[in-house]
Amino acid sequence: MRSDGFYLDNRIWNTPRWYLERPKDWWTFFPTEYLNAVAFMGQQGALMGTAFFVSMDAASGSGQHIYLVTASHCVWNWESDMPRSDLFIRVNDEPAAGLRDIALPNGDEWYLHEDSYPRVDVAVLPLTGDAGSALLQLGCRWVPRTMFFSEDYLSENPDYGVGLS
């Protein structure tokens, strides 16, 4: 959609973005830059799941915090009730036009939901220090929190959910 010489890209839920000209991937359902917001999860060289990056505004109001989110069974072995070790993510390395594996902390350093597996299968790892900058240099992106549904919104709009367009 054009307005006063600008292009409004509203393909991302609740996150409008303005451009000087139409994006190259304007015809796709989802902006292709967000393909670099996902990664494969692995352990000891074997891939076993997926993860995605999320950004949250800092409580101070300045800056952002970056998190890696995956299923808790990717970082914790629920059958043996032990954390997994030798974890890594595989991301696109845009500058090298290839893939890169990045080592991650063991499963006991991740945050798990208090009502964890199998009821809530989610794990979160804060990416502190230079980790966010390093991922950005590789071409990784993060999903802004504005793209998430809230319970309030879903309770007011019960017909929305999976497959929202």
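Which residue forms a salt bridge with Arg 90? I began my notebook with this and looked it up in the model, which is a predicted one.

**Entry 1: salt bridges**

I found that the partner of Arg 90 is Asp 101, with the closest N and O atoms 2.6 Å apart. I noted that this pair links distant parts of the chain, since Asp 101 lies in strand 10 and Arg 90 in strand 9, 11 residues apart.

I counted 4 salt bridges in the structure. One of them joins Arg 17 to Asp 9, where the closest N and O atoms are 3.4 Å apart. Arg 17 counts as buried because its relative accessibility is 15%, under the 20% limit. Asp 9 is buried too, at 3%. I also found Arg 17 in a salt bridge with Glu 33, at 3.1 Å from N to O. That pair sits 16 residues apart, with Glu 33 in the loop between strand 3 and strand 4 and Arg 17 in strand 3. Glu 33 is partly exposed, at 32%.

**Entry 2: strands 9 and 10**

I returned to the strands that hold Arg 90 and Asp 101. Strand 9 (residues 87-93) and strand 10 (residues 98-103) run antiparallel and are joined by 6 bridges. I noted Asp 93 with Gly 98 as its bridge partner in strand 10. The hairpin has 4 residues between the strands, and Ala 97 takes a positive phi near 55° there.

**Entry 3: helix 1**

Which residues of helix 1 are buried? I listed Gly 132, Leu 135 and Leu 138, in a helix that spans residues 131-138. They lie on the same side of helix 1, because they cover an arc of only 120° around the axis. I found these buried residues packed against strand 5, strand 9, strand 10 and strand 12. Gly 139 follows the helix and has a positive phi, near 100°.

**Entry 4: two loop residues**

I looked up Trp 110 in the loop between strand 10 and strand 11. Is Trp 110 buried or exposed? Trp 110 counts as buried, at 6% relative accessibility. Not counting residues up to four places away in sequence, I found that Trp 110 touches several residues, including Met 41, Leu 68, Val 75, Leu 87 and Leu 125.

Leu 20 sits in the loop between strand 3 and strand 4. Leu 20 is exposed, at 64%. With Phe 6 and Trp 18, Leu 20 makes a nonpolar surface patch of about 360 Å².

Terms used. Residues numbered from 1 in each chain as written. Predicted model: local features only at pLDDT ≥ 70, side-chain atom pairs only at ≥ 80, totals over all residues. Heavy atoms only, no water. Patch = residues over 30% accessible without salt bridge, like charges linked within 9 Å, V, L, I, M, F, W, Y side chains within 5 Å. Areas by Shrake-Rupley, 256 points an atom, 1.4 Å probe, with all protein chains shown as cover. Salt bridge = Lys/Arg side-chain N within 4 Å of Asp/Glu carboxyl O. Buried < 20%, exposed > 50% of the residue type's maximum accessible area, 1.4 Å probe, protein only. Pairing = 2+ DSSP bridges. Arc of directions from axis to C-beta. Contact = heavy atoms within 4.5 Å.
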